[in-house]
Amino acid sequence: MHPLRRALVAVGVVAPLSISCGSILGIDEAQLDTQSGSDTPKVLCADYCATALKNCKGDLELYPSLEFCMAVCAALPAGKRTDTSGDTVGCRLHFAQSAATIEKQLNCSAAGPGGNGICGDNCESWCTLEANVCPSIYASTDDCLAACQTFPSLGNYNDTVPTQTGNSFECRLYHVTAAAGIDTALHCPHTDINNTKTPCR
């Protein structure tokens with residue numbers, strides 16, 4: 001053994017070869033995954049929700065809190081962060097990022113839970129949320145889509161108080177997100193086309 005290496009071993013300086021660089025630096029796999037901008041659903045949702053809350057505020061607010069957004073996001077298809085269309089979290093992330101600098105209303109609407117025809121068709125996105133959050137309301141996807149086609153649309157979604165009542169698609173979209181983020185038992189019935197006591201009438 002080289003004399004210098006023998007001396008280092010003698011005082012316990014040389015670390016065991018089995019220890020990785022990540023372990024030495026205190027960087028675990030999850031941290032590396034997040035820092036690399038991965039496409040795992042958890043990382044995508046964290047990035048999406050932080051960006052949506054930052055860039056879509058006031059009359060364009062999509063979610064009232066990070067926890068609320070994360071609960072809704074978990075019920076959406078993850079996709080990839082390179083997506084620019086389709087009903088995915090990755091697509092919504094793209095438009096939430098774009099809302100930082102240009103066309104806030106268009107971009108925030110596309111970044112919302114419905115997708116506004118850009119990140120998914122509104123009714124298809126809504127029925128995806130219904131199936132994952134309120135599965136007992138509609139017997140099938142076809143039933144859900146048929147109901148959705150009868151709801152008048154306001155054109156742009158936000159989660160402000162005026163959206164939470166009245167006969168509109170946006171009201172039903174708010175309540176399925178509230179079912180995920182707040183209370184399933186309370187809000188799922190408000191999405192039912194046959195419910196005569198829903199605030200969405």
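Is Cys-171 buried or exposed, and what is its relative accessible area? Cys-171 is buried, with a relative accessible area of 0%. The legends below describe a predicted model.

**View 1. A disulfide joins Cys-171 to Cys-200.** The S to S distance is 1.9 Å. The link is left-handed, at -75 degrees about the S-S bond. It ties together distant parts of the chain, 29 residues apart. Cys-171 lies in helix H10, and Cys-200 in the segment after helix H11 (184-187). Cys-200 also counts as buried, at 0% relative accessibility.

**View 2. Helix H9 (residues 141-148) has buried residues on the same side.** Cys-144, Ala-147 and Cys-148 are buried. The buried residues of H9 pack against helix H8 (122-133) and helix H10 (169-181).

**View 3. Cys-123 in helix H8 is linked to Cys-148 in helix H9.** The disulfide has an S to S distance of 2.1 Å. At -85 degrees about the S-S bond, the link is left-handed. Cys-123 has a relative accessible area of 10%, and Cys-148 one of 2%.

**View 4. Asn-122 sits in helix H8.** Its relative accessibility is 17%, so Asn-122 counts as buried. The Asn-122 side chain reaches the backbone nitrogen of Asn-116 at 3.0 Å. Beyond neighbours within four places in sequence, Asn-122 is in contact with residues including Gly-114, Gly-117 and Phe-169.

**View 5. Cys-56 and Cys-108 form a disulfide.** Their sulfur atoms are 2.1 Å apart. Both cysteines are buried. The link is left-handed, with -95 degrees about the S-S bond.

Terms used: Residues numbered from 1 in each chain as written. Predicted model: local features only at pLDDT ≥ 70, side-chain atom pairs only at ≥ 80, totals over all residues. Heavy atoms only, no water. Buried < 20%, exposed > 50% of the residue type's maximum accessible area, 1.4 Å probe, protein only. Helix = DSSP H or I, 4+ residues; strand = E, 2+ residues; numbered from the N terminus. Arc of directions from axis to C-beta. Contact = heavy atoms within 4.5 Å. Polar contact = N/O pair within 3.5 Å; in protein donor to acceptor, adjacent residues only side chain to side chain. Disulfide = S-S within 2.5 Å.
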